Amino acid sequence: MRKLIGVLTVSLLFSAPALSQEIHGYEAIYGSYVNYSGSGIKDYGYSGTAYLAVGDGKEHSLQAGYSYTKIKYKSAPDLNQNEFTLAYSNTNGILKNHTFTFGGHYIDSDDDLTDGGYALFFDGTYSSYSKTYPYAFNWSGGLGFYYTRYPNTVDFYVFQLTPHATLKLFSDYKKGALYLDLTGYGIHVDKSSQVGLSKSNYYSLEGTLRYYYGRYDFKVGGWVGQQVFAVKKGGFIVYNLSEKYKGGAELETGYTFKNGLRFSFNVSYNKYKELSTDNSVNQTVITASLGYRF
């Protein structure tokens, strides 16, 4: 926990000069319903998230998030969980055409194994732009490092290496813009046998297409391989329960109004093995969000 507080303090200190200038940002709220088909222990769940990103629009940006999750169990007390995330990003300030992100994620949960868990993360990304006006984005590539520790009972850690790349397939004011995102996950779990896992290392690959046309945006993606205790969405989502995921897919659409309001609807599907019952579970998550860019 002291390491997490240290990272957050450094982030705030770096961001203070930027926030005293003109502020740009995005705020959003998310509401999700989760259905578990085939689970021997879970019935359903829901969650809510508040997200805020602020910065000077050039070099400094600060992101913060709070999530509450409730899972209804079939024959056990409900699980209640609070999560807090803070991340600072520096673009072009440390190294030209590079963005460096530092952050932390803390978990307060009824799950004894992972209560008090925290994740520390760092990501470095290089972006390539055309050399002539309007200096349009071409592609980017980077590497993320995620260290998660769960000290409450078994006291184990999870290390995750995440290479990622984004490629602009086309961008035209008549046809819109299409981007391809590729993300790899390499996950090592310490003391894996003590948390119910048969091995320590897990690998997976995720691909996503994003299309923007006028005020509309669409996203379709999926992933294959295996994931346990994965950290995703830039450190804002931590899968902290003892479940071995085996693949998934998602579909999202959004619309941004003239005044900056954006509404989006997302459906995701994941298949995982429930370690406590050995059941194969189909997880479906439906999420609606409302955001505002300022």
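Below is a chat about the strands, cores, aromatic rings and salt bridges of this predicted model.

User: Before we start, what kind of model is this and how are residues numbered?
Analyst: It's a predicted model, where local features need pLDDT of at least 70, side-chain atom pairs count only at pLDDT 80 or more, and totals for chains, interfaces and linings use all residues. Residues are numbered from 1 along each chain as its sequence is written, and side-chain values use heavy atoms, with hydrogens and water left out.

User: OK, strands. Which strand does S14 share 10 bridges with?
Analyst: That's S11 (residues 216-227), antiparallel to S14 (residues 243-256). Strands here are DSSP runs of E, at least two residues, numbered from the N terminus, and two of them pair if DSSP finds at least two bridges between them. Valine 224 sits opposite glycine 247 of S14.

User: And what about S14 and S15?
Analyst: Those two run antiparallel as well, joined by 12 bridges, with S15 covering residues 261-274.

User: Now S6: how many of its residues are buried?
Analyst: 9 of the 12 residues in S6 (residues 118-129) are buried. Buried means under 20% relative accessible area, exposed is over 50%, and partly exposed is in between (1.4 Å probe, protein chains only).

User: What are the neighbours of S6?
Analyst: S6 pairs antiparallel with S5 (residues 98-109) over 9 bridges, and 12 bridges join S6 to S7 (residues 137-150), again antiparallel. Aspartate 123 of S6 is the bridge partner of threonine 101, and aspartate 123 has glycine 144 as its partner in S7.

User: Switching topic: which residues touch the most others in the largest nonpolar core?
Analyst: Phe156, Val189, Val195 and Phe229, out of 19 residues in that core. S7, S8 (156-172) and S9 (176-189) each supply at least two of the core's residues. A nonpolar core is a set of buried Ala, Val, Leu, Ile, Met, Phe, Trp, Tyr and Cys residues joined through side-chain atoms within 4.5 Å. Apart from this core lies another one, of 11 residues, including Val34 and Tyr73.

User: What does phenylalanine 229 touch?
Analyst: Leaving out residues up to four places away in sequence, its contacts include Tyr150, Phe156, Val189 and Leu241. A contact is heavy atoms within 4.5 Å.

User: How many aromatic pairs are there?
Analyst: There are 25. One is tyrosine 211 with tyrosine 213: the ring centres are 6.4 Å apart and the planes are at 15 degrees, so they're stacked. Rings of Phe, Tyr and Trp (its six-membered ring) pair if their centres lie within 6.5 Å; planes under 30 degrees apart count as stacked, over 60 as edge-to-face and the rest as tilted. Both tyrosines belong to an aromatic cluster that also includes Phe170 and Tyr255.

User: Last one. Arginine 262 and aspartate 217: buried or exposed?
Analyst: Both are buried. Their side chains form a salt bridge at 2.6 Å, N to O, that is, a side-chain nitrogen of Lys or Arg within 4 Å of a carboxyl oxygen of Asp or Glu. Arginine 262 is in S15 and aspartate 217 in S11, so the pair ties together parts 45 residues apart in sequence.

User: Which other partner does arginine 262 have?
Analyst: Glutamate 252, in a salt bridge of 3.4 Å, N to O. Salt bridges with shared partners join Asp217, Lys219, Lys233, Glu250, Glu252 and Arg262 into one network.

Key: Helix = DSSP H or I, 4+ residues; strand = E, 2+ residues; numbered from the N terminus.
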